[in-house]
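Please look over the sequence and the 3D structure shown here. The questions that follow take up the sheet, the helices packed on it and the charged pairs.

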Amino acid sequence: MDAFEYRVTDEWDEARWTAAECIYEQAFPLHGRKSGDIIRGMFEKRMCQLHTISQGSEIVGMALTGIDHRAEALIIDYIAVRKDVRGTGHGRHLLDLIKQWAQTVAECKGIIVEVESEPTVENRQRIHFWETNGFHLTAYVHQYIWVPEPYQAMYLNFDERNRLPEDGKILFRSITRFHQKAYHRS
């Protein structure tokens, strides 16, 4: 794989977001993503990070994350690679960089992500991606009041002696806190 530049910022960067936003919009349907205003507000609240990988001068992958300090966990809100490079290992590479950053820089004990749990081919492929990258699917199915799709939590521990809870209901407390703070106007 060619050399990549990996960058993480917790400050609003209009140019970087504009470049990453194309990938974000391509990967997530309108009903399944936060608006630009909400994301800008998340940066103003100092509650998220934008991770990007670039190949040459072009961003080819992006992720939005947040840290739940109470759980000592990184929450991956969104992760995507450009459509034309999907299936080439770029997503796995970006996730590996995020894992390293979460463990060494953010000092988290693991990562939490939520996945749609309806039994569709696409959802099974997403779950398989996370599982092949070391994540574990929880049994608990969470139903939000504002979206029709049910979700499940997945988690990854960095150290088996200092683990995140395996109970999806507990993990969704972290995810819900993150979303509530993102949407709360303050």
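**Sheet, helices and salt bridges**

Q: Which residue in E2 is the bridge partner of Glu-5?
A: In this predicted model, E1 and strand E2 (residues 49–55) run antiparallel and are joined by 5 bridges. Within E2, the residue that partners Glu-5 in a bridge is Ser-54.

Q: In what order do the 7 strands form the open sheet?
A: The edge positions are held by strand E1 (5–9) and strand E6 (136–143), each of which pairs on one side only. The twist from one strand to the next averages 25°. The pairing is mixed, and the order of the open sheet is E1-E2-E3-E4-E5-E7-E6.

Q: What angle does the direction of H1 make with that of E3?
A: Helix H1 packs on the sheet, where E1, E2, E3 and strand E4 (73–81) are the strands that it touches. Its direction, taken against that of E3, makes an angle of about 90°.

Q: At what angle to E4 does helix H3 run?
A: Helix H3 (residues 90–104) lies across E1, E2, E3, E4, strand E5 (110–116) and strand E7 (150–157). Relative to E4, helix H3 runs at about 160°.

Q: How far apart are the closest N and O atoms of Arg-40 and Glu-14?
A: Side chains of opposite charge can pair when their charged atoms come close. Arg-40 is partly exposed at 30% relative accessibility, and Glu-14 is likewise partly exposed, with a relative accessible area of 42%. Arg-40 and Glu-14 form a salt bridge in which the closest N and O atoms are separated by 2.8 Å.

Q: Is Asp-68, which meets Arg-177 in a salt bridge, buried or exposed?
A: The side chains of Asp-68 and Arg-177 meet with an N to O distance of 2.6 Å, and the pair links distant parts of the chain, with Arg-177 in helix H5 (residues 168–183) and Asp-68 in strand E3 (residues 58–68), 109 residues apart. Arg-177 counts as partly exposed at 27% relative accessibility. Because its relative accessible area of 7% falls under the 20% limit, Asp-68 is classed as buried.

Q: Which residue is linked with Asp-10 and Glu-11 in a network of salt bridges?
A: A search of the whole structure finds 11 salt bridges, including one between Glu-166 and Arg-163 at 2.3 Å, N to O. In the network that contains Asp-10 and Glu-11, the residue linked with them is Arg-46.

Definitions and conventions
Residues are numbered from 1 along each chain as its sequence is written. This is a predicted model: local features need pLDDT of at least 70, side-chain atom pairs count only at pLDDT 80 or more; totals for chains, interfaces and linings use all residues. Side-chain values use heavy atoms; hydrogens and water are left out. A salt bridge is a side-chain nitrogen of Lys or Arg within 4 Å of a carboxyl oxygen of Asp or Glu. Buried means under 20% relative accessible area, exposed over 50%, partly exposed in between (1.4 Å probe, protein chains only). Helices (H or I, at least four residues) and strands (E, at least two) are DSSP runs, numbered from the N terminus. Two strands pair if DSSP finds at least two bridges between them. Axes are lines fitted to C-alpha atoms, for helices over the stretch in contact, and angles run from 0 to 180 degrees between N-to-C directions. Contact means heavy atoms within 4.5 Å.
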